[in-house]
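Morning, everyone. I have one model to walk through, and I'll keep it brief. Please look at the screen.

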Amino acid sequence: MKVLAVGAHPDDIEIFMYGLLSIYKKEGHQVYTMIATDGAKGGAIKGKKLAQKRANETINGLKKLSLPIFLKFPDGELGEDLEHRKIIKKNILKIMPDLIITHSENDYHADHRSLSIIIKEVVSHYIPILNCDTLMGVNFNPNYYVDITNHYELKKEAILKHKTQNPQRFVNLFKLMNSYRAAQCNAPNDSYAEAYTYFPSFPFSDIREILPSPLKLRPFHIENQHGFL
């Protein structure tokens, strides 16, 4: 199976999708990664110099998954040019993946929202789409949780490659966010989960058979006067 992750900026795939992609990679699937914008506005220095540094960081961050494809749209302007839609569609259909993973339409960042909407509009009738969590889960209601505990260190390593972004802050954020998502499923302490949302649409009404097994549930026992029920 071919799985394509599309992030709006350098480091988005590492922060929001890396655990799931690592699982697919370990299972022997083909993993592709694509970065929409150049990230040239996201740092202490800006412009072409930053864009090149961030591209190199992304290559290092994703090297255990794939060699990323860079579309190099201007940072902060995704979707403002109609040509963006054509280029995104063209590059997706070159791969023709069996599944696309990308941002949520309810994300905090305009580039993330634009990317999600564009992908949905141009290929959702060809390819099923899975939407990743938002930063700290704001405005996101997941219906699929995957255990990434065994891939935590790989994800951390990938994020730390992004030296221009003060990456430890994102490690701290994803550790908190992914442990919270695991706790939502009553997972044991020191577990981590990534959360996703899938909206059924024709002809992809049910895509569970192409997703890794969800986080294993543990029953929650209620104590009464005689002990645990």
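Which residues of H3 are buried? Buried here means under 20% relative accessible area, exposed means over 50%, and partly exposed lies in between, with a 1.4 Å probe and protein chains only. The answer is Leu50, Ala51, Arg54, Ala55, Glu57, Thr58 and Gly61. Seen down the axis of H3, these residues fall within an arc of 165°, so they line one face of the helix. That arc is taken from the directions from the helix axis to the C-beta atoms.

Some ground rules. This is a predicted model, where local features need pLDDT of at least 70 and side-chain atom pairs count only at pLDDT 80 or more, while totals for chains, interfaces and linings use all residues. Residues are numbered from 1 along each chain as its sequence is written, and side-chain values use heavy atoms, with hydrogens and water left out. Helices (H or I, at least four residues) and strands (E, at least two) are DSSP runs, numbered from the N terminus.

Back to H3. What covers its buried residues? The cover includes H1, helix H2 (18-26), S2, strand S3 (69-73) and helix H6 (152-159). On the face turned away from the buried side, H3 carries the exposed residues Lys48 and Lys49. H3 runs over residues 48-61, and its end C-alpha atoms are 20 Å apart, which agrees with the 20 Å its 14 residues should span at 1.5 Å a residue. The expected span is 1.5 Å times one less than the number of residues.

Next, H5, residues 110-123. This helix has 14 residues and reaches 20 Å from its first C-alpha to its last, close to the 20 Å expected. Its buried residues are Asp111, His112, Leu115, Ser116, Ile118, Ile119, Val122 and Val123. They cover an arc of only 165° around the axis, which puts them on the same side of H5. They pack against several elements, including strand S1 (2-7), H4 and strand S5 (129-132).

Now H4, residues 83-95, where His84 sits. Is His84 buried or exposed? Buried, because its relative accessibility is 5%. Leaving aside neighbours within four places in sequence, His84 is in contact (heavy atoms within 4.5 Å) with Phe73, Pro74, Glu77, Leu78 and Gly79. Leu115 is 31 residues from His84 in sequence, and their C-alpha atoms are 9.5 Å apart.

Last stop, Met96. It is found in the loop between H4 and S4. At 36% relative accessibility, Met96 counts as partly exposed. That's the tour.
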